[in-house]
Amino acid sequence: MSQAYVKQEIKNNIAIIEFFHPEHNSLPSDILAKLANTITEVGNNNEVKVIILKSGGDRTFCAGASFQELISINDASTGKVFFSGFANVINAMRKCPKFIIGRVQGKTVGGGVGIAAATDYCMATKFAAIKLSELNVGIGPFVVAPAIERKMGVSAMSQIAIDANTFYEANWAKEKGLFANTFESIEELDSETQKFAEHLCTYNPEAMQEMKKVFWRGTEDWDNLLAERAAISGRLVLSDFTKETLKKFK
């Protein structure tokens, strides 16, 4: 079985950060930590003008948090640390001084939708349906909700959070502002993502950095906000309802 990884490649001022996990790109704590650290590191590299964020494989972009790790949580502090994984990635993306282009090749669930929403410009295939499934297991998308709400609005975020059993098609996500463009195939997506990144490299890096500050204005409290949200999820995962629900997946 393939091993989980986070890797980076820098070429012609474009950094490609790729994450992978053999379980449909679901992300355990160690991979989330590596991803957050890599985004911060690459963002501070003067050689880099633009970042492309992608996942490995040709099916699922990200299936959210690791379910096996979720099932093993037995106390609130461990729960908070676990749910802080996606919070740290989103905050690293928010603070990164470079534009981050999301490349979403397939379905994305839960925390994966949060990652897509935290990119500055997101491109996807027509197969990139999205779902917030957290209510199904007795918790909620508390950590990722601010990023999704910022990108798609309260109405769209609340719709997919409440309708936790439904995958919403990529075109719906595009209409709501999550995706800038959708494409017929991964090959077309990769070609257009690369061309777009190359075009961004012709812009003034200082202007892009200042624009990024403008885009994320009003999120200065997210370090605290997302930590508070992680604590809510960490508490709820210990509830009788959630514990009973999770037993079905053991």
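How many disulfides does the structure hold? The structure holds zero. A disulfide is a covalent bond between the sulfur atoms of two cysteines. Here the term is applied to a pair of cysteine sulfur atoms within 2.5 Å. Take Cys96. Its closest cysteine sulfur is in Cys201, 13 Å away, which is too far for a bond. Cys96 has a relative accessible area of 3%. For Cys201 the value is 12%.

A word on the model itself. It is predicted, so local features need pLDDT of at least 70 and side-chain atom pairs count only at pLDDT 80 or more, while totals for chains, interfaces and linings use all residues. Residues are numbered from 1 along each chain as its sequence is written, and side-chain values use heavy atoms, with hydrogens and water left out.

Now step back to the whole chain. Its secondary structure comes to 11 helices and eight strands. These are DSSP runs, numbered from the N terminus: helices are H or I with at least four residues, and strands are E with at least two. The C-alpha trace spans about 55 × 40 × 35 Å along its principal axes. Buried residues make up 50% of the 250 residues. Contact means heavy atoms within 4.5 Å. Among contacts between residues at least 6 apart in sequence, 75% join residues at least 24 apart.

What lies inside? The largest nonpolar core has 65 residues. Such a core is a set of buried Ala, Val, Leu, Ile, Met, Phe, Trp, Tyr and Cys residues joined through side-chain atoms within 4.5 Å. Helix H3 (residues 76-95) gives the largest share of this core, eight residues. Ile130 and Phe179 have the most contacts inside the core. Leaving out residues up to four places away in sequence, Phe179 touches Val104, Cys122, Ala124, Ala128, Ile130, Ala170, Ala173 and Lys174. A second, separate core has 12 residues. Among them are Ile14, Met123, Phe183 and Cys201.

Helices have buried residues too. Thr38 lies in helix H1 (residues 29-43). Thr38 counts as buried at 11% relative accessibility. Apart from neighbours within four places in sequence, Thr38 is in contact with Val6, Gln8 and Ile17. In helix H11 (residues 240-247), the buried residues are Thr242, Thr245 and Leu246. Seen down the axis of H11, they fall within an arc of 95°, so they line one face of the helix. The arc is that of the directions from the helix axis to the C-beta atoms. Helix H2 (67-71) and helix H10 (222-236) are included in what covers these residues.

Charged side chains come next. Side chains of opposite charge can pair when their charged atoms come close. A salt bridge is a side-chain nitrogen of Lys or Arg within 4 Å of a carboxyl oxygen of Asp or Glu. How many salt bridges does a search of the whole structure find? The search finds nine.

One of them joins Asp190 and Arg103, with the closest N and O atoms 2.7 Å apart. Asp190 lies in helix H8 (residues 186-200) and Arg103 in strand E4 (residues 99-104), so the pair ties together parts that are 87 residues apart in sequence. Asp190 is partly exposed at 30% relative accessibility, whereas Arg103 is buried at 5%.

Another joins Glu184 and Lys126, with the closest N and O atoms 2.8 Å apart. Glu184 sits in the loop between strand E8 (181-183) and H8, and Lys126 in the loop between strand E6 (121-125) and strand E7 (130-131), so this pair ties together parts 58 residues apart in sequence. Lys126 is partly exposed, at 37% relative accessibility.

Lys213 and Glu210 also meet in a salt bridge, at 3.3 Å from N to O. These two are three residues apart in helix H9 (residues 205-215), separated by about one helical turn. Glu210 is partly exposed, with a relative accessible area of 40%. Finally, salt bridges that share partners join Arg94, Lys95 and Asp223 into one network.

Conventions:
Buried means under 20% relative accessible area, exposed over 50%, partly exposed in between (1.4 Å probe, protein chains only).
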